Amino acid sequence: MDVRPGHPVLPDRAPDGGPPEGELIAGAAGIGLGRLLLARHALRSGRRPVADRHLAIAAECDRMLASGTARPAPTGQDTPGSAALREGIAHGEAGVACFLLEYGRVTGNPDAVSRADKAAAHLAAVTPDVIAAAAEPGATRRCGSWCRGLAGIGTVLVRAAECLDEPAYLGLAQRAARACAALAPRMPLVTQCCGPAGVGELMVDVAEASASEEFREAAETVALLTLSRSGGTWSRPVFPDTGLARPSATWAGGSAGVLAFFGRLRDGGGPRLGLVA
């Protein structure tokens, strides 16, 4: 994408013609987080002017979210299968909080830090209800997913605990991780987005942040669960995509996401791919 000054890089409307989206997957939060990652890479390469242009676009994303010009607005009727769509990281509030936390940390902007604090506090306030829903008999397994469940929400809470120096958020992330561990055996996929790879990543996050063997062992259990659902051989597994009929190379729905989890499990932690600027 062209990042020359004045070049239009942010959408002024959603695909349906409505206001621009604010979410992580297809909106301002995701664009802003991507620009923070590109700015970090440019700085490491000694290209300060390029980094400044990326940061300027991230700042515009922050402005759009702060003003309400862009906002996450999942549509459609709530159903049991919706799980925590509105609160989740892919299309909801957790994704916006994820960007705000990183933007505030990278820039030190006091207003951004304040809004990140408020977003994290709101996310923490609604998380116990999601945990309770996940424990209900017959709860959808999506309550444990990365995209619209506790695996993604917990990830943001771990980051909030670190960025905002708020230990209570880590405790809440631990509760979310335990709920995900209970749901993981019911997940038919192996992927990041709606499968145990995303759950395993949260276990690694929590284990690293809390130095807890409980969650390290839980991550290893999730890895074994993932391998048990693969094809191929034990030493050369083939991971099915979301259609369960063939492999895919993608992060959200394929082997790249599974391998990202395995790599962090092997290394005992490290940054989440694409989520930490």
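Guide: Let's start with glycine 27, which counts as buried because its relative accessibility is 2%, and the limit for that word is under 20%. Please keep in mind that we are looking at a predicted model. You can find glycine 27 in the segment before helix H1, which covers residues 28-44. If we set aside the neighbours within four places in sequence, the contacts of glycine 27 are Glu21 and Gly22.

Now let's move to another buried residue. Phenylalanine 261 has 0% relative accessibility, so it counts as buried too. In soluble globular proteins, nonpolar side chains tend to be buried together. Here, the largest nonpolar core has 80 residues, and Phe99 and Phe261 are the ones that touch the most other members. What does phenylalanine 261 touch, leaving aside its neighbours within four places in sequence? The list is Gln192, Ala197, Gly200, Glu201, Val204, Ala219, Val222, Ala223 and Thr226.

A pair of aromatic rings is described by the distance of the centres and the angle of the planes. Across the whole structure there are four aromatic pairs. One of them joins phenylalanine 239 and phenylalanine 262 in an edge-to-face arrangement, with 5.8 Å from centre to centre and 65° between the planes. Phenylalanine 239 sits in the loop between strand S2 (237-238) and helix H9 (255-267), while phenylalanine 262 belongs to helix H9, so this pair ties together parts that are 23 residues apart in sequence. Phenylalanine 239 is buried, at a relative accessible area of 4%. Phenylalanine 262 also pairs with phenylalanine 261: the ring centres are 5.4 Å apart and the planes meet at 45°, so this pair is tilted. Put together, Phe239, Phe261 and Phe262 make one aromatic cluster.

From rings we can turn to charges. Side chains of opposite charge can pair when their charged atoms come close. The count of salt bridges in this model is 14. Arginine 48 is partly exposed at 45% relative accessibility, and aspartate 52 is partly exposed at 36%.

Other salt bridges reach across the sequence. Aspartate 205 and arginine 272 meet through their side chains, 2.6 Å from N to O. This pair links distant parts of the chain, since aspartate 205 lies in helix H7 (residues 196-210) and arginine 272 in the segment after H9, 67 residues apart. Both aspartate 205 and arginine 272 are buried. Next, look at arginine 264 and glutamate 208, a salt bridge whose closest N and O atoms are 3.9 Å apart. Arginine 264 is in helix H9 and glutamate 208 in helix H7, so again distant parts of the chain are linked, here 56 residues apart. Arginine 264 is buried, with a relative accessible area of 6%, whereas glutamate 208 is partly exposed at 43%. Through shared partners, salt bridges join Glu201, Asp205, Glu208, Arg264 and Arg272 into one network.

What about cysteines? A disulfide is a covalent bond between the sulfur atoms of two cysteines. This structure holds zero disulfides. Take cysteine 163: the closest cysteine sulfur, in cysteine 98, is 9.0 Å from its own sulfur, which is too far for a bond. Cysteine 163 is partly exposed, with a relative accessible area of 26%. Cysteine 193 is in no disulfide either, and the nearest cysteine sulfur, in cysteine 147, is 3.6 Å away; the limit used for a disulfide is within 2.5 Å.

Finally, a word on confidence. The protein chain has an average pLDDT of 90, and 91% of the residues score at least 70. For residues 1-7, though, the pLDDT is below 50, and that stretch has ten contacts in the model beyond near neighbours in sequence.

Notes:
Residues are numbered from 1 along each chain as its sequence is written. Side-chain values use heavy atoms; hydrogens and water are left out. A nonpolar core is a set of buried Ala, Val, Leu, Ile, Met, Phe, Trp, Tyr and Cys residues joined through side-chain atoms within 4.5 Å. Buried means under 20% relative accessible area, exposed over 50%, partly exposed in between (1.4 Å probe, protein chains only). Contact means heavy atoms within 4.5 Å. Helices (H or I, at least four residues) and strands (E, at least two) are DSSP runs, numbered from the N terminus. Rings of Phe, Tyr and Trp (its six-membered ring) pair if their centres lie within 6.5 Å; planes under 30 degrees apart count as stacked, over 60 as edge-to-face and the rest as tilted. A salt bridge is a side-chain nitrogen of Lys or Arg within 4 Å of a carboxyl oxygen of Asp or Glu. pLDDT is the predictor's confidence in each residue, from 0 to 100.
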